[in-house]
Amino acid sequence: KICVLRCVLRPMAGAPAPHSALLVNHFILQTTAFLNSFALQCDERLAKVSAKVTRLETLLQVLEAKLRSPSIVSIAQSSSVVVAPAVAEEPATSAEAPAETPANAEETPEDEGPVKEDGMVPARTHPACVTYFKMLNVGVPLQAVKMKATADGQLQNLDWLDDPERLVPL
């Protein structure tokens, strides 16, 4: 069965032009306001997710580096076994240098001292960087340590990690 609707089309009076323009303009403004607020909410949520992903990537790299490090097994068994040789090796190398060259004997006590007379210390002993240099000593890659420092808000100290002997203000 086919239903046929019979419509009578007759001319109607159109809406006034100013009223039509006002309706279209209102629709455009409302749609634009909605889209702008939606885009702002999306950007805020994306920024939060991006920060969380970056933090997770940093932590994952640090964890992977720790797992790859052969000293992690030693740390789990006895922390004194790993820490003692690392501490013993640093003074031994600095003690050998003055014995070989007497000219360096005057400079070595300054390097071994924690604070210089002008308030400068080696980057490896600076309180803000000690944790990161320990990570490097354990075998964590430099890039992962820099990402961890960035995540911790230590952006001004990133270039200090490249040179542990660099003198930095305390």
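Helices here are DSSP runs of H or I with at least four residues, strands are runs of E with at least two, and both are numbered from the N terminus. The model is predicted, so local features need pLDDT of at least 70 and side-chain atom pairs count only at pLDDT 80 or more, while totals for chains, interfaces and linings use all residues. Residues are numbered from 1 along each chain as its sequence is written, and side-chain values use heavy atoms, with hydrogens and water left out.

**Exercise 1. The overall layout**

Task: Find how many helices and strands the protein has, and in which pattern they follow one another.

Solution: 
- Step 1. Counting the elements gives 6 helices and 2 strands.
- Step 2. Along the sequence they are arranged as α-α-α-α-β-α-α-β.
- Step 3. Of the 170 residues, 15% count as buried.
- Step 4. For contacts, heavy atoms must lie within 4.5 Å. Among contacts between residues at least 6 apart in sequence, 58% join residues at least 24 apart.

**Exercise 2. Helix α1**

Task: Work out how the span of α1 compares with the expected one, and which residues of α1 are buried.

Solution: 
- Step 1. Helix α1 covers residues 17–68, 52 residues in total.
- Step 2. The expected span is 1.5 Å times one less than the number of residues. From first C-alpha to last, α1 reaches 75 Å, close to the 76 Å expected.

**Exercise 3. Where α1 meets α6**

Task: Describe the angle and the handedness of the crossing of α1 and α6, then list the residues that make the contact.

Solution: 
- Step 1. Axes are lines fitted to C-alpha atoms, for helices over the stretch in contact, and angles run from 0 to 180 degrees between N-to-C directions. The axes of α1 and α6 come within 9 Å and cross at roughly 140 degrees.
- Step 2. That angle makes α1 oblique to α6, given that under 35 degrees counts as roughly parallel, over 145 as roughly antiparallel, 65 to 115 as roughly perpendicular and the rest as oblique.
- Step 3. The crossing of α1 and α6 is left-handed; this means that the near helix is turned anticlockwise from the far one by less than a right angle, and clockwise would be right-handed.
- Step 4. From α1, Thr-58, Leu-59, Gln-61 and Val-62 take part, and from α6, Ala-144, Met-147 and Lys-148.
- Step 5. Thr-58 is buried, with a relative accessible area of 1%. Leaving aside residues up to four places away in sequence, Thr-58 touches Ala-144, Met-147 and Lys-148.

**Exercise 4. Where α5 meets α6**

Solution: 
- Step 1. Tyr-132, Met-135 and Leu-136 of α5 meet Leu-142, Val-145, Lys-148 and Ala-149 of α6.

**Exercise 5. After α6**

Task: Locate Asp-152 and Pro-164, and say what lies across from Pro-164.

Solution: 
- Step 1. Asp-152 sits in the loop between α6 and β2 and is partly exposed at 40% relative accessibility. Its C-alpha is 9.6 Å from that of Arg-55, 97 residues away along the chain.
- Step 2. Gly-153, which follows α6, has a positive phi near 85 degrees.
- Step 3. Pro-164 is in the loop between α6 and β2 (167–169), partly exposed with a relative accessible area of 31%.
- Step 4. Pro-164 and Ala-123 are 41 residues apart in sequence but 5.0 Å apart in space, C-alpha to C-alpha. Not counting residues up to four places away in sequence, Pro-164 touches Pro-122, Ala-123, Arg-124 and Phe-133.

Methods: Buried means under 20% relative accessible area, exposed over 50%, partly exposed in between (1.4 Å probe, protein chains only).
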